[in-house]
Amino acid sequence: MGELFRASTVISEKKPRRRILVAGGAGFLGSHLCERLLQEGNAVICVDSFSTGRMENVQGLLRSDAFTVIRHDIVDPLDLPVDEIYNLACPASPPHYQADPIHTMKTSVIGSLNLLELALQHKARIFQASTSEVYGDPHVHPQPEAYWGNVNSFGPRSCYDEGKRSAETLFHDFHDRHGVDIRIVRIFNTYGPRMRADDGRVVSNFIVQALKGDDITVYGDGSQTRSFCYVDDLIEGFHRLMYSRRAIRTPVNLGNPGEFTVRELAERIIAMTGSSSKIVHRPLPTDDPRQRRPDISVARRDLDWSPDISLVEGLTSTIAYFERQLTRQVGKLVG
Ligand code: NAD
Ligand code: UDP
């Protein structure tokens, strides 16, 4: 087991209801999830390798004695008594997951296996952060859960897409063979505060470029589409799935069905920031999906969930976050 940043009292005076492990808890989504679970009075153990995660994402949470951070790579087995597990550990941005593709695949396959073994041992419910990438470059639009996808097994995105598909299979089989209590979400592009400025995904790239007055790098002609969900909506969806009265053990799409071209996103961010940045075009990455939009009928019907936050509202708070980040950076350089 890795380095321990703070020992939790586990059973504090507040009597946390559950002991919850969040793998990848220091990342963008994981830190928001840890915050929500702590607010609800749980004991939260964040397990993270800090490959793309950052201590500053969870620094504020360390004030709570119900929060523990452990530096650990889930590719190595771990043993902790837990009631619930959320598996969010995996780099999510293409440049990051492609930097060490073999380790990305190991994280999704061996890491998920280790967490499933832990769930089996402690009879813990376990949640998997899967992805819209399991649909690949889809021929069915929008994508319902029943669509099996169009994924290349032999390319630069395959380590992520096929790793996540294999993880879903492991979850299926641990439930089928051992009765492990599983939940799986397929997350569509989600953005918000606590993304890294150098994350490499489109929303953070465009906002940082616009704020700095740098060129906005549109890959290809910008006609490819994505659907952008704000982080708070997504975390609410996680919660509804994990704690729904009826156990839903099949994958559920979570995302915002509003669909935009990448060019539209660039223009919107330039307008909202009042930036003088110009749009420039860069080569379209290999196997970049042409279109993506979630069919969220299952989440609407079974979880009564749909996103509330519009793209303009979500971008407003994300732009404000990056403005603060950049001001701090400049302050450090000057000071
Ligand atoms: P992120 O890169 O900010 O977070 C991933 C976290 O996992 C980081 O803290 C990283 O250090 C940690 N990690 C990576 N490999 C690890 C390992 N082997 N052992 C322990 N920790 C490890 O990305 P995110 O956007 O917060 O994504 C979180 C999860 O959600 C990922 O599993 C990702 O695949 C999934 N997801 C995210 C999106 C999205 O749009 N944000 C979309 C689809 C799926
Ligand atoms: N993209 C872009 N410029 C960037 C980063 C990304 O045009 O600086 C494009 C990318 O080619 C893709 C879309 O934006 O078509 C979403 O990319 P991202 O990496 O955010 O997510 P994913 O491709 O995994 O959906």
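1. Residues are numbered from 1 along each chain as its sequence is written, and chains are lettered from A and ligands numbered from 1 in the order in which they are written. Since the model is predicted, local features need pLDDT of at least 70 and side-chain atom pairs count only at pLDDT 80 or more, whereas totals for chains, interfaces and linings use all residues.

2. Around ligand 1 there are 28 residues, of which G24, G27, L29, T52 and G53 come nearest (a residue is near a molecule if its C-beta atom, placed from the backbone, lies within 6 Å of it). Two or more residues of this shell come from each of α1 (28-39), α4 (101-122) and β5 (125-131), with α1 giving the most, three residues; helices (H or I, at least four residues) and strands (E, at least two) are DSSP runs numbered from the N terminus. By type, the shell around ligand 1 holds 14 nonpolar, twelve polar and two charged residues, where Ala, Val, Leu, Ile, Met, Phe, Trp, Tyr, Cys and Pro count as nonpolar, Asp, Glu, Lys and Arg as charged, and the others, Gly among them, as polar.

3. The shell around ligand 2 has 14 residues, with R201, V202, N205, T217 and Y219 coming nearest. Both α6 (202-212) and β8 (216-219) supply at least two residues of it, and β8 gives the most, with three. Six residues of this shell are nonpolar, five polar and three charged.

4. Helix α6 is largely enclosed by the rest of the structure, because nine of its eleven residues are buried, namely V202, V203, S204, N205, F206, I207, V208, Q209 and A210 (buried: 20 or more other C-beta atoms within 10 Å of the residue's own, with C-beta atoms placed from the backbone). Just after α6, G213 takes a positive phi of about 75 degrees.

5. In the contact of α6 with α8 (residues 262-273), V202, F206, I207, A210 and L211 of α6 meet V262, L265, A266, I269, I270 and T273 of α8 (contact: C-beta atoms, placed from the backbone, within 7 Å). These residues divide into ten nonpolar, one polar and no charged.

6. Leaving aside residues up to four places away in sequence, C34 touches V22, G25, V44, C46, V58, L61 and F67.

Technical notes:
Axes fitted to C-alpha atoms, helices over the stretch in contact; angles between N-to-C directions. Contact = placed C-beta atoms within 7 Å. Buried ≥ 20, exposed ≤ 12 C-beta atoms within 10 Å, placed from the backbone.
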